[in-house]
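Please open the model in your viewer and keep a selection tool at hand. The stops below go from one residue or element to the next, with a note on what is found at each.

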Amino acid sequence: MKRKRYRDINEIDVIKNLDLAMNNSYKLLTNKNSFDDLVIGDQVFFAHDIDLDLSEVDFDFIIEYFSDDDDFEKCIELKKIKDKYNNN
């Protein structure tokens, strides 16, 4: 029996969408853009599940992503939101 061949996922596309998802999550969490602003065609990418409350793990994952990218301004901004979110 022949196995179905799936299209190879281009590593650049994965990285591009990861970056897009992280930046979309950042923009949504910091209220820089609304959900509707972030929709491209009929697609939208986020690094977190926008239908659920954001967990501390999700926050840490997004902050770590920007830290690894040396984008410390975003890290500081997200950390402040995380602290405010956790205190409520």
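**First stop: a loop residue**

Select Asp-70, which at 57% relative accessibility counts as exposed, where exposed means over 50% relative accessible area, buried under 20% and partly exposed in between, with a 1.4 Å probe and protein chains only. Asp-70 is found in the loop between helix 3 and helix 4, and its phi is near 60°, a positive value in a residue other than glycine. Before going on, note that this is a predicted model, in which local features need pLDDT of at least 70 and side-chain atom pairs count only at pLDDT 80 or more, while totals for chains, interfaces and linings use all residues. Residues are numbered from 1 along each chain as its sequence is written, and side-chain values use heavy atoms, with hydrogens and water left out.

**The whole chain**

Now select the protein chain, which has 4 helices and 0 strands and reads α-α-α-α along the sequence; helices (H or I, at least four residues) and strands (E, at least two) are DSSP runs, numbered from the N terminus. Of the 88 residues in the protein chain, 24% are buried. The accessible surface of the chain comes to about 7200 Å², and 49% of that area belongs to carbon and sulfur atoms, as computed by the Shrake-Rupley method with a 1.4 Å probe, with only the protein chains shown counting as cover for residues. Among the contacts (heavy atoms within 4.5 Å) with a separation of 6 or more, 45% are accounted for by residues 24 or more positions apart.

**Helix 3 against helix 4**

Select residues 56–68, which form helix 3, together with residues 72–86, which form helix 4: their axes come within 8 Å and cross at roughly 165°. That makes helix 3 roughly antiparallel to helix 4, a term for angles over 145 degrees, whereas those under 35 count as roughly parallel, 65 to 115 as roughly perpendicular and the rest as oblique. The axes are lines fitted to C-alpha atoms, for helices over the stretch in contact, and the angles run from 0 to 180 degrees between N-to-C directions. The crossing of these two helices, helix 3 and helix 4, is left-handed, in the sense that the near helix is turned anticlockwise from the far one by less than a right angle.

To see the side chains at this contact, show residues of helix 3 including Phe-59, Ile-62, Ile-63 and Phe-66, and residues of helix 4 including Phe-72, Leu-78, Ile-81 and Tyr-85. By class, the contact of helix 3 with helix 4 has 9 nonpolar, 2 polar and 5 charged residues, where Ala, Val, Leu, Ile, Met, Phe, Trp, Tyr, Cys and Pro count as nonpolar, Asp, Glu, Lys and Arg as charged, and the others, Gly among them, as polar.

Within helix 3, pick Glu-56, which is partly exposed, with a relative accessible area of 45%. Which residues does Glu-56 contact, leaving aside its neighbours within four places in sequence? They are Lys-82 and Asn-86; the C-alpha atoms of Glu-56 and Lys-82, 26 residues apart along the chain, are separated by 7.6 Å.

The C-alpha atoms of Met-22 and Phe-66 are separated by 8.3 Å, although the two are 44 residues apart along the chain.

A C-alpha to C-alpha line drawn from Phe-61 to His-48, 13 residues apart along the chain, spans 9.3 Å.

Go back to helix 1 and select Asn-24, which is buried, with a relative accessible area of 3%. Asn-24 and Phe-45 are 21 residues apart in sequence, and their C-alpha atoms are 6.8 Å apart in space.

**Last stop: another loop**

Finish at Asn-31, in the loop between helix 1 (11–29) and helix 2 (35–38). Asn-31 counts as exposed, at 67% relative accessibility, and its phi is near 60°, a positive value in a residue other than glycine.
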